[in-house]
Amino acid sequence: MAPSALLRSFSRLLAPGRLRNGTRSKFYIQEPPNSKPNWLKVGLTLGTATFLWAYLIKQHNEDVLEYKRRNGLE
């Protein structure tokens with residue numbers, strides 16, 4: 001391999017990525033994920049978040065009542 005060819009191949013490694021004619025980027029083969037939301041995942045996520053917040057508030061209220069009971073505040 002000639003030194004100039006070696007420098008060209010090395011400079012391609014350092015150069016920012018470019019799309020060559022006729023090639024596709026793997027990131028644009030499918031349509032964007034926001035165009036069709038996965039409603040099952042959305043529902044499960046929101047349902048889980050709601051359940052966890054309700055459980056957290058319930059547990060907090062129980063802990064406050066236990067604290068008041070132990071310290072004679074109630």
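**Exercise 1. Find the residue with a positive phi just after α2, and check the span of the helix.**

Step 1. Just past the end of α2, G72 adopts a positive phi of about 65°. The model is predicted.

Step 2. Now take the helix itself. Helix α2 covers residues 39–70, which is 32 residues.

Step 3. Work out the expected span. The rule is 1.5 Å times one less than the number of residues. For α2 this gives 46 Å.

Step 4. Compare with the model. The end C-alpha atoms of α2 are 46 Å apart, so expectation and model agree.

**Exercise 2. Find the aromatic pair and classify its geometry.**

Step 1. Count the pairs. Ring centres must lie within 6.5 Å. One aromatic pair passes.

Step 2. Name the partners. F51 and Y55 make the pair, at 6.3 Å centre to centre.

Step 3. Classify the pair. Planes under 30 degrees apart count as stacked. The planes of F51 and Y55 are 20° apart, and the pair is stacked.

Step 4. An α-helix has 3.6 residues a turn, so residues three or four places apart point the same way.

Step 5. Check exposure. F51 has a relative accessible area of 53%, so F51 is exposed. Y55 comes to 44%, so Y55 is partly exposed.

**Exercise 3. List the salt bridges and decide which of them form a network.**

Step 1. Side chains of opposite charge can pair when their charged atoms come close. The whole structure holds three salt bridges.

Step 2. Take E62 and K58. Their side chains meet at 3.0 Å, N to O. Both E62 and K58 belong to helix α2, four residues apart. E62 has 38% relative accessibility, so E62 is partly exposed. K58 has 43%, so K58 is partly exposed.

Step 3. Take E66 and R69. This salt bridge has an N to O distance of 2.6 Å. E66 and R69 are three residues apart in helix α2, about one turn.

Step 4. Take E66 and R70. Here the N to O distance is 2.7 Å. E66 and R70 are four residues apart, again in helix α2.

Step 5. Join the bridges. E66 meets R69, and E66 also meets R70. E66, R69 and R70 are therefore linked in a network, given that a salt bridge needs nitrogen and oxygen within 4 Å.

Step 6. E66 is partly exposed at 29% relative accessibility. R69 is exposed at 55%. R70 is exposed at 64%.

**Exercise 4. Identify the nonpolar surface patch and describe the residue W39.**

Step 1. Name the members. W39, V42 and L46 form a nonpolar patch on the surface.

Step 2. Give the area. Together, W39, V42 and L46 have about 340 Å² of accessible area.

Step 3. Exposed means over 50%. W39 has 62% relative accessibility, so W39 counts as exposed.

How values were computed:
Residues numbered from 1 in each chain as written. Predicted model: local features only at pLDDT ≥ 70, side-chain atom pairs only at ≥ 80, totals over all residues. Heavy atoms only, no water. Helix = DSSP H or I, 4+ residues; strand = E, 2+ residues; numbered from the N terminus. Phe/Tyr/Trp six-rings, centres within 6.5 Å; stacked < 30°, edge-to-face > 60°. Buried < 20%, exposed > 50% of the residue type's maximum accessible area, 1.4 Å probe, protein only. Patch = residues over 30% accessible without salt bridge, like charges linked within 9 Å, V, L, I, M, F, W, Y side chains within 5 Å. Areas by Shrake-Rupley, 256 points an atom, 1.4 Å probe, with all protein chains shown as cover.
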